[in-house]
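Please read these points with the sequence and the model side by side. They begin with a single residue and end with the whole chain.

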Amino acid sequence: MAKKVWMYHPTPKKLKDTEKLLLQNKVQEFIQTSEKLSKTINRLEIRAGRLYLYNLVEQFGWHDPDITFIVPLIEGKYMEFTYARITVLTNEKFRLDWQRHNGQWMKLCEDTLEVCLKYIDENNDFFN
């Protein structure tokens, strides 16, 4: 019989349109000032109280006509991957998650938005 383990999955805060816009502006401003993130992050999206950061990765063999990809490539050679997810818990508390290869999310940091963004910018173990 498998052990039952209690897991904490906080529900994200419901955001109003003005809150979404403020959050998006803060994150875009931080990305533009960061040398690393300005080169890596190409798109961000807010869905259901969570902020998703995406990056484009050039796929190996995109120019070979015999290779078929499961997902259509962007501009014929790039694939978009989720870089990080920031969940809005309260006005002052955010949770930073990183997506593993199997699609599961792993919690890295739970603090203010600035601390979560600095963690992405400075930590090379998960974000390189």
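1. At 40% relative accessibility, N42 counts as partly exposed, because that class lies between buried, under 20% relative accessible area, and exposed, over 50% (1.4 Å probe, protein chains only). N42 sits in the loop between α2 (35-40) and β1. Helices (H or I, at least four residues) and strands (E, at least two) are DSSP runs, numbered from the N terminus. Leaving out residues up to four places away in sequence, N42 touches Y54, N55, L56 and E80, where contact means heavy atoms within 4.5 Å. N42 and L56 are 14 residues apart in sequence, and their C-alpha atoms are 6.7 Å apart in space.

2. On the source: this is a predicted model, in which local features need pLDDT of at least 70 and side-chain atom pairs count only at pLDDT 80 or more, while totals for chains, interfaces and linings use all residues. Residues are numbered from 1 along each chain as its sequence is written, and side-chain values use heavy atoms, with hydrogens and water left out.

3. A48 lies in the loop between β1 (43-47) and β2 (50-58). Is A48 buried or exposed? A48 is exposed, with a relative accessible area of 63%. Its phi is near 50°, a positive value in a residue other than glycine. Most residues other than glycine have a negative phi.

4. R85 belongs to strand β3 (residues 78-88). R85 counts as buried because its relative accessible area is 11%. Which residues does R85 touch, not counting residues up to four places away in sequence? They are R50, L51, Y52, R95, L96, D97 and W105.

5. Helix α1 (residues 17-33) packs with helix α3 (residues 113-122) at an angle of about 35°, and their axes are 11 Å apart. Axes here are lines fitted to C-alpha atoms, for helices over the stretch in contact, and angles run from 0 to 180 degrees between N-to-C directions. The crossing of α1 and α3 is right-handed, that is, the near helix is turned clockwise from the far one by less than a right angle. L23, K26, V27 and F30 in α1 meet L113, L117, K118 and D121 in α3. The residues of this contact divide into five nonpolar, no polar and three charged. Ala, Val, Leu, Ile, Met, Phe, Trp, Tyr, Cys and Pro count as nonpolar, Asp, Glu, Lys and Arg as charged, and the others, Gly among them, as polar.

6. K26, in helix α1, is partly exposed, with a relative accessible area of 48%. K26 and E114 are 88 residues apart in sequence but 9.1 Å apart in space, C-alpha to C-alpha.

7. The largest pocket is lined by 14 residues, of which L23, K26, N91, F94 and L113 lie nearest its centre. A pocket is an open set of points on a 1 Å grid over the protein atoms alone, where a 1.4 Å probe fits, with protein on both sides within 12 Å along at least five of seven lines; lining residues have an atom within 4 Å of a point. α1 and α3 each supply at least two residues of the lining, and α1 gives the largest share, four residues. The lining divides into six nonpolar, three polar and five charged residues.

8. Overall, the protein has three helices and five strands, in the pattern α-α-β-β-β-β-β-α along the sequence. Of its 128 residues, 32% count as buried.
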